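Thanks for coming, everyone. Have a look at the structure first.

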Amino acid sequence: MASKAKTKSVISDEVMISMDNVNKWYGNFHVLRDINLTVHKGERIVICGPSGSGKSTLIRCLNRLEEHQAGTINVQGIEINNDLKNIDEIRRDVGMVFQHFNLFPHLTILENCTLAPIWVRKMPKADAEEIAMKYLTRVKIPEQAHKYPGQLSGGQQQRVAIARSLCMEPKLMLFDEPTSALDPEMIKEVLDTMVQLAEDGMSMICVTHEMGFARKVANRVIFMDEGQIVEQNEPEAFFNNPQSERTKLFLSQILDH
Amino acid sequence: MAVSKKQKYAFIRSEDAPVLPPPASQAGITGWLWQNIFASMADYSSLGASIISLMVALLSVCILYFGGIQIYGLIDFAIFSAVWSDPQVIKREACWTVDQGGALPSGWHGACWPFVMAKHKFIMYGPYPSEELWRVNLTGLIGLLGLGWVLFERLPYRKQVGAALLTLYPLLAFILLTGGNSGASFGSVSLWLIIGLAIISVGRMGKRGFLGATFTEFSGLIGFAGWVFVIYNAIRGMAAVDFGLEPIDTRDWGGVLITLVVAITGIVASLPLGIILALGRRSEMPVARLLSTIFIEFWRGIPLITVLFMASVMLPLFMPEGVNFDNLLRALIGVMLFSAAYMAEVVRGGLQAIDKGQYEGAQAMGLSYWQTMRLVILPQALTHVIPGIVNTFIGLFKDTTLVSIVGIFDLLGAGQSAISDAAWSTPVQALTMYIYIAVLFFIFCFGMSRYSIYMENKLSKSRSH
């Protein structure tokens, strides 16, 4: 993978996300500790770390699926607080892909994709369907449009989930372990879709253990442990020359099988 | 051929194993017999299993035999030995044996259908005036046509017909059945209409954020309450119009008419109320959760008979002088709230079966709470609990018989009062009537049950999880 030419990225100065001293607790458990992170438009960030290190919680705070208790989070200049209007506005522009796809089983693939454009963006049905078909073609499953999620393979379902998020034409995509629930032969098709998305210039934050993907696509790799950002660096430096002991231990565990 | 030690476990398939048809025990008539009748004898080699199989078979034969005798007895009573007509119009004497002074052979035991036929009008409509029965029939016919239209999938405009059935039809039924001209004054109706419109505009203002952040959250609820006011009073206004129909007090209603009015009102109202209560009980807002929980636990904790007694006996005592709610209306409200509490728990069961990921998927795309519920969560949750919902509907339908204890003559009440008619007094009078009532109830309940099975199959086919 490392031999392949790295996808180009155009990073602008425009700040997409800024997290300042963000802290979060689950009851007594301090799950996010003093997180500071700035993401620019066009950046592709991979977050890795051991189970329970707070990676998922961190990106779920970015669209308020989880509430943070201290510090400030700004997404595209809008602060995430208890104001529902702000949250609605942010969710419109931030797409999210989940480990378990979270497709709606009672709706067809096409209906899954058009639901939010029709009800949130108030788009006419025909336009929404056109956009949905465009993105379903892009993830290479336009022929499945009238099937139900239960009739698709895991990899196909995850690609539908990506297309569904793209239908809202988001400015930022969050991926929460998108390949962890997939059979090995399905992982590649999903990663290929994500690489293609990166090549098209999408800003993305991706929680994943696919280190090949990180090397190929990421501008920055963040390693988290026990709720803190332990190390962040460019992928080459991160993988070839990790600084912290915890990073070294983690990398040795996931890379040497 | 000598095989070296290294090659011993190596294996390469040179040709594919053939794909064969299933053995006889898996397919065809033999397979069906094995799987459905002799399944317990699958390992017939074991003595214990074969003894058990034989005993089960013996038991089945016994049950069939004794059950058969019972069923034959019932059929014989209701059909073969029954008296079907009363050509001489001699009423009870048509069903009397020689010993009792009639013409039937001694020891005769059979249904007396002329009695049911003579009481048919009373069982269907109660004391509703005969010359006005067309109003009830018309209401029933329109309802039946509308329901048929909505339930059969191939017809166009099903949604519109359904909406009319839920909005215009109750109004039409009210006017036709009672005669309209409810006596509500023009002034009071228009005052309440204006209040309703005012509440709606408060909701609108709240939505725009003029009233502060706290109000924004409840603006939807305020607007909804306003619409309820407006619609209720629009209906009140319509019902007050004099259409020249003769007013008929609900005391003159009875029989199947009452059963259907109570059951349909209960069924139609309990589902939406139950959904709102179930959502309230799972809400993150403490006040909504507490109120819903108290409501549900209160209504579930008291028997329906108590509810009906309270509604018909206690409630008027608390009312100010002159305010007089209709007895049927009070019973209706009691049944409605009672079944809503049960429905709420059924729906809550369905909501709990929905994966958290479904909420998150919807939220992450920016759907609001109500959109998430309406478009994503409830369609799935309600599908899961169709058996429970229909169970509650059927239970409610049969519970309507309890209204007879507060002096409302439903199907059972009308039947019982018909039994006491001395002109038809025979030893088989009561039994005949009860069989007839049971058949009527069975038709309605079995119909609901079949439709629910049809719905379940249809929904599971389109999804294939």
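I'll take a helix pair, then a pocket. Keep in mind that this is a predicted model.

Helix pair first. Two packed helices are described by the angle between their axes and the distance between the axes. Our pair is in chain B: α12(B), residues 327-352, and α14(B), residues 369-384. At what angle do they pack? About 115°, with the axes 8 Å apart. The range from 65 to 115 degrees counts as roughly perpendicular, so α12(B) and α14(B) are roughly perpendicular to each other. The crossing of α12(B) past α14(B) is right-handed.

Which residues make the contact? From α12(B), we have Val347(B), Gly350(B) and Leu351(B). From α14(B), we have Ile377(B), Leu378(B), Ala381(B), Leu382(B) and His384(B). By class, that contact holds 6 nonpolar residues, 2 polar and no charged.

Now the pocket. This is the second largest pocket, and its volume is about 270 Å³. Its lining has 15 residues. Nearest the centre are Trp299(B), Val307(B), Met310(B), Ala311(B) and Leu315(B).

Where does the lining come from? In chain B, α10 (286-301), α11 (304-318) and α12 each give two or more residues. Which of them gives the most? That is α11(B), with 7 residues.

One link to take away. Helix α12(B) packs with α14(B), and α12 of chain B also gives residues to the lining of this pocket.

Key
Residues numbered from 1 in each chain as written. Chains lettered and ligands numbered in written order. Predicted model: local features only at pLDDT ≥ 70, side-chain atom pairs only at ≥ 80, totals over all residues. Heavy atoms only, no water. Axes fitted to C-alpha atoms, helices over the stretch in contact; angles between N-to-C directions. Helix = DSSP H or I, 4+ residues; strand = E, 2+ residues; numbered from the N terminus. Parallel < 35°, antiparallel > 145°, perpendicular 65-115°, else oblique. Left-handed = near helix turned anticlockwise from the far one by under 90°. Contact = heavy atoms within 4.5 Å. Nonpolar A, V, L, I, M, F, W, Y, C, P; charged D, E, K, R; others polar. 1 Å grid on protein atoms, 1.4 Å probe; cavity = no way out; pocket = protein on both sides within 12 Å on 5 of 7 lines; lining within 4 Å. Points joined across faces, edges and corners; volume = space filled by probe spheres on them.
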